[in-house]
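The sequence and the model are shown first, and the text then goes through them part by part.

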There are 2 protein chains.
Amino acid sequence: MAQIIDGKAVANRLDEKSKAEVDAMIAAGMQRPGLAVILVGDDGASQVYVRRKIKACQKVGITSIERRLPADTSQEDLLALVHELNNDPTVHGILCQVPLPKHIDTRLVLRSISPDKDVDGFHPVNVGRLSTGTGGIVPCTPLGVMILLQSVIDDFKGKDAVVIGKSNIVGKPVANLLLDAECTVTVTHIYTHGLPDICRKADIIVAAAGAPRLVKGDWVKPGAVVIDVGITRVMDEATGKEQLLGDVDFDNCQHAGAITPVPGGVGPMTIACLMANTVQAAKALQTGDNRPAADYEDAPSRSMFGG
Amino acid sequence: MAQIIDGKAVANRLDEKSKAEVDAMIAAGMQRPGLAVILVGDDGASQVYVRRKIKACQKVGITSIERRLPADTSQEDLLALVHELNNDPTVHGILCQVPLPKHIDTRLVLRSISPDKDVDGFHPVNVGRLSTGTGGIVPCTPLGVMILLQSVIDDFKGKDAVVIGKSNIVGKPVANLLLDAECTVTVTHIYTHGLPDICRKADIIVAAAGAPRLVKGDWVKPGAVVIDVGITRVMDEATGKEQLLGDVDFDNCQHAGAITPVPGGVGPMTIACLMANTVQAAKALQTGDNRPAADYEDAPSRSMFGG
């Protein structure tokens, strides 16, 4: 039977570490970490996400600063707000909830966030730092994937890793992190020939294609570790209920060494990593130390980012 | 018999294109591209490299600005010079020849160069842009590798590419470019198990390990394209003469589809790509257009960066 990697439990442990770190910062006379969340307009889903993030802040002791702007806010005013938050010493992380209204250039706004406060990790400077293994803020979902892997893998060196999907927000950063961990990394995608055979040789599979149940049981080598980042909403025709499907045929992967479920695997990690990133940014801004947040490794592994 | 990819000939064609581009810029009333080369101290090899770069500028019609500083120049003065060049509208590319004297923080100096003038392409912002496929300046050697590949490959989509070596200056950026071109990309390195078998499946092999004749003839699939980035100087014991060895056992790879020699393959491309990058930077700074320099594709391929 495959070990089920419990994303909720790992996320809870990460939150506890973040909370302990915040307490240690306060005890050391440092400022409490502050996360500013910008919400433009009244998109329903965005409001739910923002509420969850604010609740997570309360859990770990981060001060949350919510800045709501009307849907017709000008780009200029939004940029001015980002500028203000960039220069506010009590703010250590800035998150601008997307999607933004259509009259606003999303890329421009996201790039105006200071790289040191970019807790989403998507600023070109942070992407560059990640790509060259020189610190910076690691995007939340890729960081979550690595922490889940670290919870079951002790030594990454020389392991064959296959990443399915080459998006800028998951596939590519995960590939970079696996490469930094000394895995041999193959990045696959829609144009890849012979994906089943490529997967069959893998010690680690990270599926981030957004293709429900793409990875079949017989693509997975006995003992391999499988992380399923895919989440697709589908309607179950029999019950009429909505279902969340991962990229992996979970039921037929019981010969895997360890595997994440969907939901309950990668999902719960994302906000916990956002909190961890905010704590790290707050420390880095106050001490000049810019180690990546993945110092928050999960037992039993040693940190793969150290040294 | 494998087709020998003549790096000198491809580099000459690239230089001709750069020259034509400069002529077209002048004809359109734009400024002539200017490349500033900073040389600190009197390292012999650095002087040779700088001289070659200045000669290349003359060949394609780029204004070269040489700024020599004594070996005991303070870091402050060097940063002030970079700042001056960043703000000089007649300078479109800035190159700081390394190694720098030990009392100077090389990373800090290189990062102080404006990303828009960073014709080496190593600034984190340019690394980030490359990693996310959003334009920017592509480092010279990886760009040269891609142009050599484009000279013999028409369609990259779905090709199996293996990159040997994961350095920040060659392996990783080459992997990113191959991924953008829709190849399935495997990055291998010193901890990789079963490298021969991984190579045997490859349509494209880019060897950048710095390990003389690592890649044996029987690692190469008939018809595969092999780019040899390695250059190691060794002494030939029989003749007592210095020899340059690549990472590939060239003599036993005559069943390859196409292969670069060492020397005369990737080597000549690097300075030609520096010139191409300077021309592109000069255009981008004057027009706001930041397409990567790899628009300089070589016949017969279509540009893989377009669209």
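Strand β6(A) and strand β6 of chain B, residues 184-188, pair in the antiparallel sense over three bridges. Within this pairing, Val185(A) stands opposite Val187(B). The model is a predicted one.

**The shared sheet**

The pairing of the two β6 strands belongs to an open sheet of 12 strands with mixed pairing, in the order β1(A)-β11(A)-β8(A)-β7(A)-β5(A)-β6(A)-β6(B)-β5(B)-β7(B)-β8(B)-β11(B)-β1(B). At the edges stand β1 (3-4) of chain A and β1 (3-4) of chain B; each has a single partner strand, so one side of each is left without a neighbour in the sheet.

Inside chain A, strand β5 (residues 160-164) pairs with β6(A) in the parallel sense, over five bridges. Here Ala161(A) stands opposite Val185(A).

**The interface of chain A and chain B**

How many residues does each chain give to the contact? Chain A gives 31 residues and chain B gives 31 residues. The area buried between the chains is about 2,700 Å², and carbon and sulfur atoms give 53% of that area. On the side of chain A, the residues that lose the most area to chain B are Lys172(A), Leu179(A) and Tyr191(A), which together make up 19% of what that side buries.

There are four salt bridges across the interface. One salt bridge joins the side chains of Lys166(B) and Glu182(A), at 3.1 Å from N to O. Between the two chains, 16 residue pairs are in polar contact. Four elements of chain A give two or more residues to the side that touches chain B: α4 (106-112), α5 (124-131), α7 (171-180) and β6 (184-188). By class, that side of chain A has nine nonpolar, 14 polar and eight charged residues.

**Chain A as a whole**

Chain A contains nine helices and 11 strands. Its C-alpha atoms fill a box of roughly 55 × 45 × 30 Å along the principal axes. A compact globule of 307 residues would have a radius of gyration near 19 Å, and the 19 Å of chain A agrees with this.

**Local backbone features**

Pro99(B) lies in the loop between β4 (93-96) and α4 (106-112) of chain B. Another cis peptide bond joins Val262(B) and Pro263(B), where omega is about 0°. Pro263(B) is in the loop between β11 (258-259) and α9 (267-287) of chain B.

In chain A, Arg213(A) has a positive phi of about 50° although it is not a glycine. Arg213(A) is found in the loop between β7 (204-207) and β8 (225-228) of chain A.

Key. Residues are numbered from 1 along each chain as its sequence is written. Chains are lettered from A and ligands numbered from 1 in the order in which they are written. This is a predicted model: local features need pLDDT of at least 70, side-chain atom pairs count only at pLDDT 80 or more; totals for chains, interfaces and linings use all residues. Side-chain values use heavy atoms; hydrogens and water are left out. Contact means heavy atoms within 4.5 Å. Buried area is the accessible area (1.4 Å probe) that two parts lose on being put together, summed over both. A polar contact is a pair of N or O atoms within 3.5 Å; within protein, one must be able to donate a hydrogen and the other to accept it, and residues adjacent in sequence count only if both atoms are side-chain atoms. Ala, Val, Leu, Ile, Met, Phe, Trp, Tyr, Cys and Pro count as nonpolar, Asp, Glu, Lys and Arg as charged, and the others, Gly among them, as polar. Two strands pair if DSSP finds at least two bridges between them. The radius of gyration is taken over C-alpha atoms; the globule rule is 2.2 Å times the number of residues to the power 0.38.
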